[in-house]
Amino acid sequence: MEQEEQSPQFEHPPMSRARSRSDAMKRVSRACLHCRQRKSKCDLDGSGSPGVPPCQRCIRDGRDCVLGSSNRGGRRIRKNKLKNVTPGVTTQEKSDLDTVSSPSSENRQAASYPGPVVFIPPNPPTTTASVSVDDDDTASIGSVPRNPSDAWQCLTGIAKRGTDGNTAETIADSLSGSGGFSSYGALQGGSRTEFSTNSGIRTYRLVQTRSLDPTTVWQLVVRYAENFHPYLPLVPRKYFDRNALEAFATHEKYLLTAVLTIASKDLVERPEIHEYCSRYMHELISGIAAGADCDVEAVEALLILAEWEPQGLRPRIERVGRGEEDRAAWMHIGLALRSGYFLGLDRTSFRGDASGDTETEARRRLAWTSCYISDRLISVRIGRAFWSRGPGPMTGLVSQDFPSLQPVKDGEEDHAKIFQATLDLTQLYGNVHDVLYSGMRTSNQMMLMGDYVKYVDDFRLAILRWKSLWGSLHCSPPIRATLQLSYEYLRLYTNAFAFQATISQSLASKVNGDAHAQKEHLRRAFNNVASLQDARFIYESLDAAKAYLSILVDLVDPEKHLHFMPLRFYLYGIYAAVFLYKARSFGVMLHSEEMAVRDLVTRTTEVLKRASAGPDDIGSRYSRLLELLWQTKPAPIASPAGTQQSNDLMQTTLSNCLSDQNKHVDFSPANDFSWLDLEAVGDFVSGDQISGAGMGFDALQTPDLYQTGQDRLQSWQVSTWPGDMSSLLF
């Protein structure tokens, strides 16, 4: 009996291997509460059924034997066992200290925007807190952490208990009362009442600094909900209720600021509103990039900014569009993806991995799926690799997975089905990009070998199936127009690959000869398109480009709808017009067809101007680009340092390229820009081709305006394709 009362480590002498294995077969992982408290072995075999109470000790002592639960695995959240000891503080004083709330991050900002923040170190604390830690506290860090994040989580509780002697409320009170940190305005004589602890719209930075008033904020929210929200319904609909404005400002400052920035971007009468919102939004984005604490609302804010890219967020605005919006959207979407991964949004792709309530989980899933869509579309636009792995290969998300987008009342837009249609089409975009445009070396080899034909045919069939499934979706005319535009541009993007393949094959068969011989050879190759092997692809690419522009000018109201659409629909139209210009230079079009295309492009530029709020808006800037591209020869730029020889050589080169006004351009194999590279197009129309574009022929070697066409062709054929530049080259 006394031997049984001893601790288990002294209970048995060393045993043989066979006996240890036999005992291990009987060993159980659970024990009764009485034996667990004594830290002694619990024998549950007394009743003849292993693992079932009562145990032998409880039978002898006449105790109630209760089987304890297992403590293995998972993080054990323990109650705070610290006891604050503050000498000289009465119970009433301690109660008063506990009622002081910590000032929010909004209240710590400057009273006069933007107002730098001055940090003054607080006095060292004079009181200490006694910390009592028992054996259970040390058990929380007894396991080996798998990564630094696990180690941080293990130490969080201990660090929190160590600082409970000086609670957040006490520290905040000491800082604000005795010069801990304050804004520049407060140091200049501002009173402490400027940092009221009240929550709501009054504590929102732009309202607190009197840049905006609550009425203006609400008007901008309503304007966003009516005009911009239907194209990307990420903002929870509850915030479009006037009574929810207080909560919107308190808990969703990133998202609210993004809404205000987009809603104010075209207010010509009040440009200062957009300036205030943009400056604050820029500050918040910088904080996210610097690692500021944020949640899913910050990801949503970055995504809607990438869809519209307000002008106030860019340091300068070119008179002619050159693709700056693509670059900004690429950066914002990348930051959203990184933040989403850090927040664990990617786990929402799998329905069985719920981490919170249903509403929160649905919002996180919608945000992550929107990250996937934005990532695929921006990569297609600028010819770069994807960042996101996607929602998951086994997920199969459908409209039921997005309950916040489903209609609440009869007659409302079913944004859940629209979102599913967009998701399915985006998957096709991604597949086309992955297979056909995965890399320049792979794409070029595929073009020369001819095995691209089966892929293009399969993609064409899949695109037609998408149209048969979603083409009759019931939705409002502007939403239907966006789906049609996305469908037509996907047709163009897919079939244009075969067009480029035909060019590459023709160049490969005619290696020798000067630039003039190369030009004549390609014109003869495209003189009779119907005789080409890939004629069906070439015809369909031209048809898709013309269909896109026709929808843009005939079915979309420029002032009511196009003005508020995401910028990608503007840029798709620019790409289509540039593609037609490039195709025209090969002599593919008959004279009558060319005249019709010219008229269509002219109408497109007029629509883009009408959809613009001013001369610096996206429509005006890119309509100016198309006008310069399709009109007569642009004036050459002056040579640096005023050297006459360089100037004459520049003019001679440009005149050789653009000498024939009737033909509009004397075709060269490179033609100096890609139809997907807007920066290169801007260089071409301005005569500034030396700067290079990054995705055209000249970017594949050392850019040299004075290099002959034959030299450029030979260097292109022997050059090594750089990096992941997967745009078309013609």
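Visitor: Why are Asp457 and Arg460 said to be about one helical turn apart?

Guide: They are 3 residues apart in helix α19 (residues 452-470), which means a separation of about one turn. Residues three or four places apart on an α-helix point the same way, because a turn takes 3.6 residues. Helices here are DSSP runs of H or I with at least four residues, strands are runs of E with at least two, and both are numbered from the N terminus. This is a predicted model, in which local features need pLDDT of at least 70 and side-chain atom pairs count only at pLDDT 80 or more, while totals for chains, interfaces and linings use all residues. Residues are numbered from 1 along each chain as its sequence is written, and side-chain values use heavy atoms, without hydrogens and water.

Visitor: What makes the meeting of the Asp457 and Arg460 side chains a salt bridge?

Guide: The N to O distance is 3.2 Å. The term asks for a side-chain nitrogen of Lys or Arg within 4 Å of a carboxyl oxygen of Asp or Glu, so the pair qualifies. Asp457 and Arg460 also belong to a network of salt bridges with Glu488, Arg491, Arg536, Glu540 and Asp543.

Visitor: Is Asp457 buried, exposed or partly exposed, and how do you know?

Guide: Asp457 has 29% relative accessibility and is therefore partly exposed. Buried means under 20% relative accessible area and exposed over 50%, with partly exposed in between (1.4 Å probe, protein chains only).

Visitor: Which residues does Arg460 touch beyond those up to four places away in sequence?

Guide: Arg460 touches Asn495, Arg536, Phe537 and Glu540, contact being heavy atoms within 4.5 Å. A further spatial relation is that to Thr494, which is 34 residues from Arg460 in sequence and 7.6 Å from it in space, C-alpha to C-alpha.

Visitor: How do you know that Arg363 and Glu300 form a salt bridge?

Guide: Their side chains meet at 2.8 Å, N to O. The pair links distant parts of the chain, with Arg363 in helix α16 and Glu300 in helix α14 (residues 296-308), 63 residues apart. Arg363 has a relative accessible area of 17% and is therefore buried. Glu300 is buried because its relative accessible area is 1%.

Visitor: What links Arg621 and Glu325?

Guide: Arg621 forms a salt bridge with Glu325, the closest N and O atoms being 2.6 Å apart. This pair too links distant parts of the chain: Arg621 lies in helix α25 (residues 618-630) and Glu325 in helix α15 (residues 324-343), 296 residues apart. Arg621, at 1% relative accessibility, counts as buried, and Glu325, at 2%, is also buried. The structure holds 27 salt bridges.

Visitor: Why is Ser379 called buried?

Guide: Ser379 has 0% relative accessibility, so it counts as buried. Its place is in helix α16 (residues 358-382). Leaving aside neighbours within four places in sequence, Ser379 is in contact with Trp330, Arg384, Ala385, Phe386 and His433.

Visitor: What makes α23 mostly covered?

Guide: Of its 18 residues, 18 are buried. Helix α23 (residues 567-584) reaches 26 Å from its first C-alpha to its last, close to the 26 Å expected at 1.5 Å a residue. The expected span is 1.5 Å times one less than the number of residues.

Visitor: What makes a set of residues a nonpolar core?

Guide: Such a core consists of buried Ala, Val, Leu, Ile, Met, Phe, Trp, Tyr and Cys residues joined through side-chain atoms within 4.5 Å. The largest here has 165 residues, and those with the most contacts inside it are Leu260, Ile304, Tyr489, Phe526, Phe579 and Trp675. Helix α20 (residues 477-508) supplies the largest share of this core, 16 residues. The core draws at least three residues from each of domain 1 (218-405) and domain 2 (407-631), with bounds from an automatic or database domain assignment. A second, separate core of 8 residues includes Ala31, Cys32, Cys58 and Cys65.

Visitor: How many helices and strands are in the chain, and what percentage of its residues is buried?

Guide: There are 28 helices and 2 strands, and buried residues make up 47% of the 730 residues. Among contacts with a separation of 6 or more, 72% join residues 24 or more positions apart.
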